[in-house]
Amino acid sequence: MSRSSGVIPDESVFSDFKRQCLSTDRWHNKYNKNGMEVWVEVPASSQQGSRNNVCKVHKIKCKITITDVSAATMYDVLHDNKYRKTWDPAMLESFEIARLGPNTDVGYYSWLCPKPLKNRDVITLRTWKASEDEYLIVNYSVKHPKHPPRKDLVRAVSLLTGYLVKPTGPNSCSFTYLSQADPRGSLPKWAVNAGSQILAPKVMRSVYKAGQNYAVWKAQNSPEYKPWLYPSQSVLPMMDPAELAIQRGDSLENVDESAAQEVQDNEDSS
């Protein structure tokens, strides 16, 4: 991934992300029903018979056709952290930490995992771009000096996660979510890959439902406040990007969650 100033991405990141969202080359369609599509990337080396990618986390994307919510509204939903607290049942804590520029910030998110797995958290740099033709949001994990991994949570890694929202009419849009994320811990990668194909569509449906309800909620909750569209409204402190570094998964501790595997095996055999 090309970045112009250390961790901050340049225009090529948006272009490459959009290309991946729209491409079907080397993507295997896993699901296509009721306006929802799920795709998993086929690594180039696996096509050549190599097993080098067997243990890697897959890249997955979901696309949903939305007929009753505008692209602009869906984009607002993705940005509005206060609204997320009303519709995201998995969220433990979420907050924006600092701005790096008018369209880039760094934030924290933690979420519930099914027992006996440990809950997860992540620190991500997020950047966005909006026009009349499309809306783009991309994020990836970074290390923040004041927010190191916590003892009570497993620090996950977003290698690349984002959204492409394209208007198809005044009140309709295509909504694409693409992600390559590693929850870390000691979960086997095959289990992570299988689980992501189930979880991603559920997330998409939740965001879509949130989009349907957003206008009513926003009308009663600071309707003019949208710092993702109007940077001058932001109250976040500015931060020097040089204080951040890209978070690599191999620098994080592998937390033993073997008990979770044993419990799951017992449930599957019962």
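A residue is called buried when its relative accessible area is under 20%, exposed when it is over 50%, and partly exposed in between (1.4 Å probe, protein chains only). The structure is a predicted model, in which local features need pLDDT of at least 70 and side-chain atom pairs count only at pLDDT 80 or more, while totals for chains, interfaces and linings use all residues. Residues are numbered from 1 along each chain as its sequence is written, and side-chain values rest on heavy atoms, with hydrogens and water left out.

**Overall architecture**

The chain contains six helices and 13 strands; these elements are DSSP runs numbered from the N terminus, with helices being H or I of at least four residues and strands E of at least two. Of its 270 residues, 46% count as buried. Contact denotes heavy atoms within 4.5 Å. Among contacts between residues at least 6 apart in sequence, 63% join residues at least 24 apart.

**Nonpolar cores**

A nonpolar core is a set of buried Ala, Val, Leu, Ile, Met, Phe, Trp, Tyr and Cys residues joined through side-chain atoms within 4.5 Å. The largest one has 31 residues, of which Ile66, Met74, Val165 and Phe175 touch the most other members. Elements that each supply at least two residues of this core include β5 (60–66), α3 (71–79), β11 (157–169) and β12 (172–182). Helix α5 (189–219) gives the most to this core, with seven residues.

Not counting residues up to four places away in sequence, Val165 touches Ala71, Met74, Leu78, Glu134, Tyr135, Cys173, Ser174 and Phe175. Another core lies apart from the largest one; this core has 15 residues, among them Val106, Ile123, Leu125 and Met239.

Helix α3 is mostly covered, with seven of its nine residues buried. The buried residues in α3 are Ala71, Met74, Tyr75, Asp76, Val77, Leu78 and His79.

**Leu125**

Leu125 lies in strand β8 and counts as buried because its relative accessibility is 0%. Leaving aside neighbours within four places in sequence, the contacts of Leu125 include Val7, Leu100, Val106, Val138, Asn139 and Leu244. The C-alpha atoms of Leu125 and Asn139 are separated by 5.4 Å, although the two residues are 14 residues apart along the chain.

**Second largest pocket**

Grid points are joined across faces, edges and corners, and the volume is the space filled by probe spheres set on the points. The second largest pocket holds about 460 Å³ of space. Of its 24 lining residues, Asn81, Glu96, Tyr225, Pro227 and Trp228 are the closest to its centre.

**Cysteines and backbone angles**

A search of the whole structure finds zero disulfides (pairs of cysteine sulfur atoms within 2.5 Å). Most residues other than glycine have a negative phi. Arg26, which is not a glycine, has a positive phi of about 70°, and phi of Ser222 is near 50°. Arg26 lies in the loop between α1 (11–22) and β3 (27–33), whereas Ser222 lies in the loop between α5 and β13 (245–246).

| Residue | Relative accessible area | Class |
|---|---|---|
| Cys21 | 8% | buried |
| Cys173 | 1% | buried |
| Arg26 | 32% | partly exposed |
| Ser222 | 45% | partly exposed |

Methods: 1 Å grid on protein atoms, 1.4 Å probe; cavity = no way out; pocket = protein on both sides within 12 Å on 5 of 7 lines; lining within 4 Å.
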